Structures are given as structure tokens and as C-alpha cells.
Amino acid sequence: MSEATQDPVEEQRFFRDDWYGEEITGRHYVRCEFHEADFSEAVTRNSVFTDCVFGNVRFNASRHTDSAFTGCAFKRCNFFDAEFTGCKLVGATFTECELRPLRVTGGDWSFAGLAGADLRTVTFQGVRMREADLTGADCAGAVFADVDLSGAMLHAVKLPKAELRGSDLSALDPLNAELAGAIVSPEQAAVLVTSLGLRVRA
């Protein structure tokens, strides 16, 4: 990911700003607050948001490419039909957010806080999600394809009919998750069986 080129905007507060459809390229915001702003159909490229707060912000149909939202807090935001490609959301937290439908391709969401989130039918493809908090998240029908979930918090996670092939499930306890109808590879099935204390013999 390229570094943002503009001087950072620090500790500013944006209230009800209209960023609808705006092209946000090469910008850097540090410890800024965005409240009731409209980022619908906005596009970010190579932009960096560090330790920012987003409250009641609309990200509907927005597109984010090679951008970073590290350590950001999203509260009651709407991500309907949003897409993140190659983005870094390390340590970002999501509280009471609408995250469906959402498509994430590549990038790093390690340590992201998604506890209790409604992630039904969302798609994460090739994403690094090490030590992400998915405690109690509803991921029914979601796609986690080739996702690094090592060390993730997955207690009481709901994964019925989820597509999990290619993902690291070493942190998943089958006894503390809902997995009915989830799709896994033979190799993943062996990992889950081992975690149950069973041994498979031909």
C-alpha cells in the first residue's frame, strides 16, 4: 500500500459533512472525528485514517482500495454494499454497525473488533484476520475463503452454512460454535476432528 502524500489532518471534528461520491485519494487523518457524515458512494484510494472515530456515518456503496483505517472506532455506521480491497483495518472496532452486504478482498483486519456483529452472507476473501474478535458474531452463510483466522476469538460464533475452505480454523472450538452445514476442506475437517480429541484412522 502506498503511503498517503498529503500532510495529515489532525484532531479535527467533522459534523454532518457531505462526502457523497467524493474521490478521497492520498489523504491522511489522525485522531479526527466524523459524525453523521455521508460517505455514500465515496471512493478512497491510498488514504490513511489513524485512530479516528466514525459515528452514525453512512458508507453505503462506498469503495475503498489500498487505504488504512487503523485503530478506528465505527459506531452505528452503515456499510450497506461497501467494498474494501487491499485495505488495512488493524485494531478497528465496529459497534452496532450495519455490515450487510459487505465484501472484503485482501488486506489486514487483524485485531479487528467484530464481537456480536451481524455478518450474515458477508464475504471475506484472502484477508488476514489474526486475533480478530468474532465472539458471538452471526456469520451464517458468510464466506471466509483463504482467511487467516489464527488466534481469532471465535467463542459462540455462528457459522451455519458458511464457506470456510482455505481458512485457518486452528482457533475454532467446534464445541463452542454453530457449524451446521458449514463447508470445509478435508484438511480443515481433520483439524476440527483433532480439536475434538478424536483420531482418524483408515
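## The overall build

The chain has one helix and 18 strands, where helices (H or I, at least four residues) and strands (E, at least two) are DSSP runs numbered from the N terminus. Its radius of gyration is 18 Å, close to the 17 Å that the globule rule gives for 202 residues, so the chain is as compact as a globular protein of that length. For that comparison, the radius is taken over C-alpha atoms, and the rule is 2.2 Å times the number of residues to the power 0.38. Along its principal axes, the C-alpha trace spans about 60 × 30 × 25 Å.

A word on what you're looking at: this is a predicted model, in which local features need pLDDT of at least 70 and side-chain atom pairs count only at pLDDT 80 or more, while totals for chains, interfaces and linings use all residues. Residues are numbered from 1 along each chain as its sequence is written, and side-chain values use heavy atoms, with hydrogens and water left out.

## Surface, contacts and charge

Of the 202 residues, 42% count as buried; that means under 20% relative accessible area, with exposed being over 50% and partly exposed in between (1.4 Å probe, protein chains only). The accessible surface comes to about 9600 Å², and carbon and sulfur atoms hold 48% of it. Those areas come from the Shrake-Rupley method with a 1.4 Å probe, and for residues only the protein chains shown count as cover.

Now for contacts, meaning heavy atoms within 4.5 Å. Take the contacts with a separation of 6 or more: residues 24 or more positions apart account for 3% of them.

On the charge side, there are 20 positive and 30 negative charges, and their mean positions are 5 Å apart. Lys and Arg count as positive, Asp and Glu as negative, and His and the chain ends are not counted. Each charge is placed at NZ of Lys, CZ of Arg, CG of Asp or CD of Glu.

Strands of a sheet pair through backbone hydrogen bonds, either parallel or antiparallel. Here, four strands make an open sheet in the order β1-β4-β7-β10, and the pairing is parallel. At the edges sit β1 (9–10) and β10 (68–70), each pairing on one side only. Two strands are called paired if DSSP finds at least two bridges between them.

Looking at one pair in that sheet, β7 (residues 48–50) runs parallel to β10, and three bridges join them. Phe-49 has Phe-69 in β10 as its bridge partner.

## Around strand β14

Thr-85 is found in strand β12 and is partly exposed, at a relative accessible area of 33%. Leaving aside neighbours within four places in sequence, Thr-85 touches His-64, Thr-65, Asp-66 and Thr-105.

## Loops to check by eye

Pro-101 is in the loop between β13 and β14. A cis peptide bond joins Arg-100 to Pro-101, with omega about -15°.

Two non-glycine residues with positive phi are also in loops. Arg-31 has phi near 50° and lies between β4 (28–30) and β5 (33–35); at 40% relative accessibility, Arg-31 is partly exposed. Phe-111 has phi near 65° and is in the loop between β14 and β15, where Phe-111 is partly exposed at 47%.

Which loop holds Lys-88? Lys-88 is in the one between β12 (82–85) and β13 (93–95), and it counts as partly exposed at 37% relative accessibility. Apart from neighbours within four places in sequence, Lys-88 is in contact with Ser-67, Ala-68, Phe-69, Thr-70 and Asp-108. The C-alpha atoms of Lys-88 and Asp-108 are separated by 4.7 Å, although these two are 20 residues apart along the chain.
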